[in-house]
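Please examine the model shown below. The paragraphs after it treat helix packing first, and then individual residues in loops.

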Amino acid sequence: MNVKKLIILAFASIPSLLFAQNSPGKAYVYNRAPLTADTYIQLPLGSIKAKGWLLKQLELQKDGATGHAEELYPEASNLGAESDWLGGNGEGWERVPYYVKGLIVLAYTLDNPDLKAKSLKWINWTLDHQQANGAFGPAKMNDWWPRMPMMYAIQSYYEATGDERVLGFFTKYFKYQLENLDKKPLTEWSKSRTGDNIELVLWLYNRTGEKSLLTLAEKLKSQAYPWADIYTKNQFYHYGDDFHTKHSVSVGQALKLPAIYSQLNNTPFYRDATEKGIGNLMRDHGQSSGIASGTEFLAGRSSFQGTETCTVVEWMQSLETTARIIHDAEIGDRLEKIAFNTLPAQFSRDIKSHLYYTQPNQIVCKHGNSGFDEDYDGGLLLSPYSGMGCCRYNMHMGWPYFVKNSWVATPDKGLAVIAYAPVEVNAFVADSVPVKLNVATNYPFEEAIRIKIGLSKTAAFPLKLRIPEWCKNPQIVVNGKSLSGVKTGQVYTINRTWNTNDEVVLNFPMEVKVSDQVNKSVTVERGPLVYGLQMDAKYSIRKKHPVEGFFDYEVSSASPWNYGLVIDRNDLAKSIKVQNAAMPENPFIQATTPVKLKVSAKKIPSWTLAYNKMHAFEVPRSPVASTEQTEEITLTPFGSENIRVSNFPVIGTSESAGKLFKENFDNATVKDWLLYGGSWFIKDGAIHAASNKGSWGYGIHGSKAMASSTMFKDLSYEATVQLNSKGNAGLVFRVSDAVMGADLYKGYYLGIDAETGVIQLGKSSDQKWVALASQQEKLEIGKSYKVKIEAKGSEIKVYFNGSAKPLFAVTDTEYTSGMIGVRAYDSLASIDNLTVKELK
């Protein structure tokens with residue numbers, strides 16, 4: 001048989017449904033006017049098949065959490081037969097839509113009959129039970145939000161099958177929305193996640209051309225939170241008691257809204273807002289694995305704050321969507337970093353359990369409270385039931401959506417890559433010519449990516465390839481010939497006539513680098529992978545569940561973890577050695593992961609587990625002195641285990657005590673402040689304690705913001721303090737070992753209570769508050785007061801409102817040095833004009 005016939009037979013094996021929906025002569029559906037013309041589009045579901053290590057992740061989901069979800073959560077208000085999403089008496093709200101959204105993409109990506117049958121049960125009930133007025137879902141549910149993730153599930157179903165019911169279903173529902181939004185406007189969850197709704201409205205508009213859909217899109221945008229302003233101006237904490245603008249899941253989910261809306265309003269303000277927002281989030285709340293913290297509020301850069309699983313998968317989808325609209329290589333880089341590091345770290349190795357929160361320095365996974373704003377006692381437990389229920393339903397879309405969105409079709413009849421991984425892409429290019437891309441690679445565990453092109457006939461089309469910003473010397477070779485002009489951080493277009501068996505080889509050399517983290521610690525990176533300490537993880541079963549093979553695990557380390565790195569930042573290649581091994585079936589298993597790093601380190605005995613033994617104390621500020629012996633330690637990929645250290649101190653000569661610290665907050669950010677319990681934000685030239693309304697955790701009392709660069713012994717510390725509510729607020733000094741919790745720190749606190757008229761000096765000692773002195777004064781809520789502390793040796797004096805004589809003085813010898821900061825106890829306080837001087 002000749003080669004041409006073989007190729008024709010090969011293309012005949014492409015799923016018939018793909019050809020049924022997108023047969024030759026039937027072009028892909030791109031943006032209609034007035035939407036921007038350059039937006040890329042998703043390929044029909046099933047067009048992209050995972051291979052290699054990526055396929056293994058999908059198979060683990062099938063055999064694990066996704067495949068057994070209905071057995072694990074059989075209650076009527078979860079995924080049971082009596083679910084209200086099947087006409088029963090449950091109250092499933094968002095849980096069924098979340099689950100089906102991921103399930104159906106996994107089912108058709110794997111082409112798995114059992115998973116398809118499970119998903120179609122929910123899809124068909126929803127399509128077949130649309131109400132006469134156009135609403136859908138449970139009859140008693142009167143909420144716009146849960147319908148949004150279910151619409152994504154139905155869209156995916158249509159992409160895979162072309163079921164003619166879907167377009168009419170959406171048309172009817174969006175007519176209902178347009179007629180009812182003024183009477184019942186968006187609120188809370190629907191108001192914060194409106195981008196999901198708008199994306200589906202524009203998707204339908206491109207297929208029907210119905211002009212009223214553009215009116216609906218504008219109405220939805222007008223009722224949504226002003227996310228473009230929030231991202232651009234760093235306003236996450238500017239909305240007082242409002243939960244959603246600081247809720248990490250809503251923040252991550254809404255990241256795509258400005259880009260989606262920019263298709264209607266193509267101005268730099270909307271096109272740039274997502275990336276500006278990411279810049280603000282990563283500066284103030286960024287974690288080592290490439291995402292912002294959120295427990296569940298945005299929580300600063302501390303090494304023991306975490307990220308919720310829902311946040312991870314929503315960031316990923318937002319980046320996938322944004323990359324189709326804003327063609328910036330940095331967006332794909334961010335997506336890969338999160339997908340290859342944060343996402344696998346959220347799951348057990350067999351994807352049967354997950355962690356509600358994953359931390360940069362995760363020393364243990366166990367049952368107990370940590371002091372987070374949303375502080376579930378199972379939030380750090382590796383379990384099918386970890387934390388609140390949302391994540392055990394939403395997690396299913398992470399890997400399947402990554403596959404679905406890894407390649408896209410372009411309006412100039414070509415293909416573009418969003419994220420690299422081993423996949424097979426079946427699509428149409430040029431004048432509806434079928435093409436198969438065989439992307440063979442072990443990336444990100446190797447540097448080379450080979451793209452083999454299969455065509456039924458010669459075709460001219462562009463191939464758009466993202467060049468990672470982290471790669472200094474990228475190379476592209478086509479059929480053995482190197483291409484010129486390949487630059488880091490760009491989208492490189494190869495526009496040529498292609499023949500079958502043409503091959504594109506990309507080589508992205510990976511160099512070891514370190515990135516700066518909290519307290520001058522560092523994270524070791526190589527290419528898109530982040531590395532953490534290889535710890536001797538010991539698993540103990542806390543609970544065995546009725547579904548066979550599912551357990552709650554607590555994880556601890558049988559080996560030391562409190563290391564600082566001995567490195568030369570000017571010669572990292574000499575300091576850190578790369579070890580490569582054979583590629584295993586699953587690279588996210590620490591023992592057999594194919595890339596490990598070796599580096600010298602020393603233990604830091606003073607760095608221990610924190611008071612509650614749920615996490616370590618904050619990573620010590622670098623450089624850190626250590627007299628311990630130098631050892632060689634091993635670093636493995638962040639996502640290859642559920643416990644790790646990824647924020648490392650650097651060994652060296654410790655900094656001496658500071659002489660001067662001044663901050664008026666006119667141009668400051670919270671980047672260099674450590675936030676513990678609740679949060680703080682900077683606005684109008686002052687630092688403010690944020691409202692914790694909506695939080696039910698244990699960390700909402702006694703919130704602290706510590707100036708991480710400070711270390712003072714004898715000092716003069718003055719500032720202006722204004723209390724805007726009841727409670728107390730003021731200044732902390734000589735502080736060490738601060739974590740989340742009202743009295744979980746070592747140091748002194750001068751607080752003002754305007755409601756009771758008390759000024760009090762005390763200390764946190766042995767995890768308890770000890771009052772040292774107090775004074776009654778006539779104070780008012782909403783009025784600023786100037787306070788000053790002089791601490792020399794064991795003598796501490798407190799001055800108030802510029803008085804020449806101290807209000808009171810005490811003698812206490814417990815604490816002699818430490819950081820300075822601000823603190824609020826159940827108070828909306830504003831603090832400004834900090835001046836700290838060394839006393840001679």
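Helix α8 (residues 165-180) and helix α11 (residues 212-223) have axes that come within 10 Å and cross at roughly 50 degrees. The axes are lines fitted to C-alpha atoms, for helices over the stretch in contact, and the angles run from 0 to 180 degrees between N-to-C directions. That angle makes α8 oblique to α11; angles under 35 degrees count as roughly parallel, over 145 as roughly antiparallel, 65 to 115 as roughly perpendicular and the rest as oblique. The crossing of α8 and α11 is left-handed, a term used if the near helix is turned anticlockwise from the far one by less than a right angle, with right-handed used if clockwise. From α8, Phe174, Gln177 and Leu178 meet Ser212, Leu213, Thr215, Leu216, Lys219 and Leu220 of α11, where contact means heavy atoms within 4.5 Å. These residues comprise five nonpolar, three polar and one charged (Ala, Val, Leu, Ile, Met, Phe, Trp, Tyr, Cys and Pro count as nonpolar, Asp, Glu, Lys and Arg as charged, and the others, Gly among them, as polar).

The model is predicted: local features need pLDDT of at least 70, side-chain atom pairs count only at pLDDT 80 or more, and totals for chains, interfaces and linings use all residues. Residues are numbered from 1 along each chain as its sequence is written, and side-chain values use heavy atoms, with hydrogens and water left out. Helices (H or I, at least four residues) and strands (E, at least two) are DSSP runs, numbered from the N terminus.

The crossing of α5 and α7 is left-handed.

Helix α7 itself has 15 residues and reaches 21 Å between its first and last C-alpha, close to the 21 Å expected at 1.5 Å a residue; the expected span is 1.5 Å times one less than the number of residues. Because 14 of its 15 residues are buried, α7 is largely enclosed by the rest of the structure (buried means under 20% relative accessible area, exposed over 50%, partly exposed in between, with a 1.4 Å probe and protein chains only). Just after α7, Gly162 takes a positive phi of about 70 degrees.

The loop between α6 (113-128) and α7 holds Gly137, which counts as buried at 4% relative accessibility. Apart from neighbours within four places in sequence, Gly137 is in contact with Trp85, Trp125 and Gln131.

Two loop residues other than glycine also have positive phi. Asn234, with phi near 60 degrees, lies in the loop between α12 (227-233) and α13 (248-254) and is partly exposed at 21% relative accessible area. Ala430, with phi of about 50 degrees, lies in the loop between β8 (423-429) and β9 and is buried at 19%.

Cis peptide bonds complete the account. One runs from Thr295 to Glu296, with omega near -5 degrees, and Glu296 is in the loop between α15 (268-285) and β3 (307-308). Another runs from Tyr443 to Pro444, with omega near 10 degrees; Pro444 is placed in the loop between β9 (433-441) and β10 (448-455).
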